[in-house]
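Q: I am new to this structure and would like to learn how to read its features one by one. Please show me the model and take me through it.

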Amino acid sequence: MAAPVDLELKKAFTELQAKVMDTQQKMKLADLQIEQLSKTKKHAHLTDTEVMMLVDETRMYEGVGRMFILQPKGVIHNQLLEKQRIAEEKIKELEQKKSYLERSVKEAEDNIREMLMARRAQ
């Protein structure tokens, strides 16, 4: 009679291990993406501060593929602000996803602990 319970525990441990490995990989990926987005946001911010110090009549070009297009200072400024805003939103989404993954692993571990406690109580 103890064999089915042991098999059930073994199966649960195997599932937990697979879930933990998968979640750790997803969390590492999220960390890398957050780091990359932070760099992008910082680069856009630094570029914007430099652009804002220039005179309004300064000729500015936007890189598009293999060519450059003349753009007014305001357009460049707005594009850089938009880039920063988008990066910030994506960072928030990734942090929420990461916290969800952490909670799901903790829940799975708690479920296994409960199964072990119930097994010991028998």
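Q: Where is the place of Glu35?
A: Helices (H or I, at least four residues) and strands (E, at least two) are DSSP runs, numbered from the N terminus. Glu35 sits in helix H1, which covers residues 2-53. This is a predicted model, in which local features need pLDDT of at least 70 and side-chain atom pairs count only at pLDDT 80 or more, while totals for chains, interfaces and linings use all residues. Residues are numbered from 1 along each chain as its sequence is written, and side-chain values use heavy atoms, with hydrogens and water left out.

Q: Is Glu35 buried, exposed or partly exposed?
A: Buried means under 20% relative accessible area, exposed over 50%, and partly exposed in between (1.4 Å probe, protein chains only). Glu35 has a relative accessible area of 44%, so Glu35 is partly exposed.

Q: How far apart are Glu35 and Ile91 in sequence and in space?
A: In sequence, 56 residues separate Glu35 and Ile91. In space they are 8.7 Å apart, C-alpha to C-alpha.

Q: With which residues is Gln71 in contact, leaving aside its neighbours within four places in sequence?
A: Contact means heavy atoms within 4.5 Å. On that basis Gln71 touches Met60, Glu62 and Ile76. Gln71 belongs to strand E2 (residues 67-71) and is buried, because its relative accessible area is 19%.

Q: How many salt bridges does the structure hold?
A: A salt bridge is a side-chain nitrogen of Lys or Arg within 4 Å of a carboxyl oxygen of Asp or Glu. The structure holds 8 of them. One of these pairs Asp22 with Lys26, with the closest N and O atoms 3.4 Å apart. Both residues lie in helix H1, 4 residues apart, which is about one turn of the helix.

Q: Which parts of the chain does the salt bridge between Lys41 and Glu88 link?
A: In this pair the closest N and O atoms are 2.3 Å apart. It links distant parts of the chain, 47 residues apart: Lys41 is in helix H1 and Glu88 in helix H2 (residues 73-121). Lys41 is partly exposed at 29%, and Glu88 is partly exposed at 27%.

Q: Why does the pair of Lys73 and Asp56 tie together parts that are apart in sequence?
A: Lys73 forms a salt bridge with Asp56, the closest N and O atoms being 3.2 Å apart. Lys73 lies in helix H2 and Asp56 in the loop between H1 and strand E1 (60-64), so the pair ties together parts 17 residues apart in sequence. Lys73 is buried at 9%, whereas Asp56 is exposed at 57%.
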